[in-house]
Amino acid sequence: MTETNQLVATARESFGKGVARKLRAVGQTPAVIYGHGTDPVHISVETHPLSLIIRQANALIELDIAGKKQLVLVKDVQKDPVRQIIEHVDLVIVKKGETVEVEVPLHVAGEPFNGANALQELNTLRLSVPATAIPENVTVTVDGLEDGTQILAGAIELPTGAALLDAADALAVNIVAPRAAASDDAEGEDAAE
């Protein structure tokens, strides 16, 4: 499950490109907190710890803004396309006990039967999960599955409390025989005739 990261944030009153550029020059990243019908709150946070936190999907952060704690979820990160420097972060307020909609990475584990390949058709699953229990990923096991087996999104075991938002009949993983092996079998059958 996602752990809660902690950051100290500073409220800011100045906005604009020039101010943002100055903040980034001193190791701070501008951010905006919104949600739950509140007015947007403009803050700045230290860039290095923020960059470590946003490496994980659906990062949950407990902000300390002048002694007041605020639980937020990273919603969007804007980066410079060339230098990959974080330019701005959008954060959404979450409350303990509420559910949030997130995209969770799908991981395929195991080996299919007899040299077949597992083709992953979906990279993520859209889930509705408790805000304080967002899974890092969802794993689907393909051990021993044979050619032609299809795993649909609705058949994947989800963590407790999670609900699938994607179509249940969406193809997640397809087990197929390697192409060369399939053509070798066909040639062998032709030779036998």
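Reader: Which residues line the largest cavity?

Author: Let's start with the general idea. Rolling a probe the size of a water molecule over the atoms shows where empty space is left. In this predicted model, the largest cavity is lined by L7, A31, I43, V45, L50, I61, L63, V89 and L91.

Reader: How many cavities of 30 Å³ or more does the count give? And what volume does the largest cavity have?

Author: The count comes to 1 cavity of 30 Å³ or more. The volume of the largest cavity is about 40 Å³.

Reader: Which strands supply at least two residues each to the lining of that cavity?

Author: Look at β3 (38–46), β4 (60–65) and β6 (86–93); each of them supplies at least two lining residues.

Reader: I clicked on S44. Where does S44 lie, and is S44 buried or exposed?

Author: S44 lies in strand β3. Burial is read from the relative accessible area, and buried means under 20%. S44 has a value of 5%, so S44 is buried. Its side chain also has a partner: a polar contact of 3.4 Å joins the side chains of S44 and Q28.

Reader: Now for the pockets. What is the volume of the largest pocket, and which residues lie nearest its centre?

Author: The largest pocket has a volume of about 240 Å³. Its lining is made of 13 residues, and A57, N58, V74, K75 and D76 are the ones nearest the centre. Two elements give two or more residues to this lining, namely β5 (68–79) and β7 (99–109).

Reader: Which element gives the most to the lining of the largest pocket, and how do the lining residues divide?

Author: β5 gives the most, with 5 residues. By kind, the lining of the largest pocket divides into 7 nonpolar, 2 polar and 4 charged residues.

Reader: Let's turn to sheets. What is the order of the strands in the open sheet of 3 strands?

Author: To read a sheet, go from strand to neighbouring strand. Here the order is β8-β13-β11, and the pairing is antiparallel. β8 (117–120) and β11 (150–152) are the edge strands, each pairing on one side only. From one strand to the next, the twist averages 15°.

Reader: How many bridges join β8 to β13, and which residue stands opposite A118?

Author: There are 4 bridges between β8 and β13 (residues 171–176), and these strands run antiparallel. Opposite A118 you will find I175 in β13. I175 is buried, with a relative accessible area of 0%.

Reader: What order do the strands have in the open sheet of 4 strands?

Author: That order is β10-β7-β9-β12, with mixed pairing. β10 (138–141) and β12 (163–164) stand at the edges with a single partner strand each, so one side of each is left without a neighbour in the sheet.

Reader: How many bridges join β9 to β12?

Author: Strand β9 (residues 124–130) is joined to β12 by 2 bridges, and the two run antiparallel. To find this pair on screen, look for S128, which stands opposite A163 in β12.

Conventions:
Residues are numbered from 1 along each chain as its sequence is written. This is a predicted model: local features need pLDDT of at least 70, side-chain atom pairs count only at pLDDT 80 or more; totals for chains, interfaces and linings use all residues. Side-chain values use heavy atoms; hydrogens and water are left out. On a 1 Å grid over the protein atoms alone, a cavity is a set of points where a 1.4 Å probe fits but cannot get out, and a pocket is an open set with protein on both sides within 12 Å along at least five of seven lines; lining residues have an atom within 4 Å of a point. Grid points are joined across faces, edges and corners, and a volume is the space filled by probe spheres set on the points. Ala, Val, Leu, Ile, Met, Phe, Trp, Tyr, Cys and Pro count as nonpolar, Asp, Glu, Lys and Arg as charged, and the others, Gly among them, as polar. Two strands pair if DSSP finds at least two bridges between them. Axes are lines fitted to C-alpha atoms, for helices over the stretch in contact, and angles run from 0 to 180 degrees between N-to-C directions. Buried means under 20% relative accessible area, exposed over 50%, partly exposed in between (1.4 Å probe, protein chains only). A polar contact is a pair of N or O atoms within 3.5 Å; within protein, one must be able to donate a hydrogen and the other to accept it, and residues adjacent in sequence count only if both atoms are side-chain atoms.
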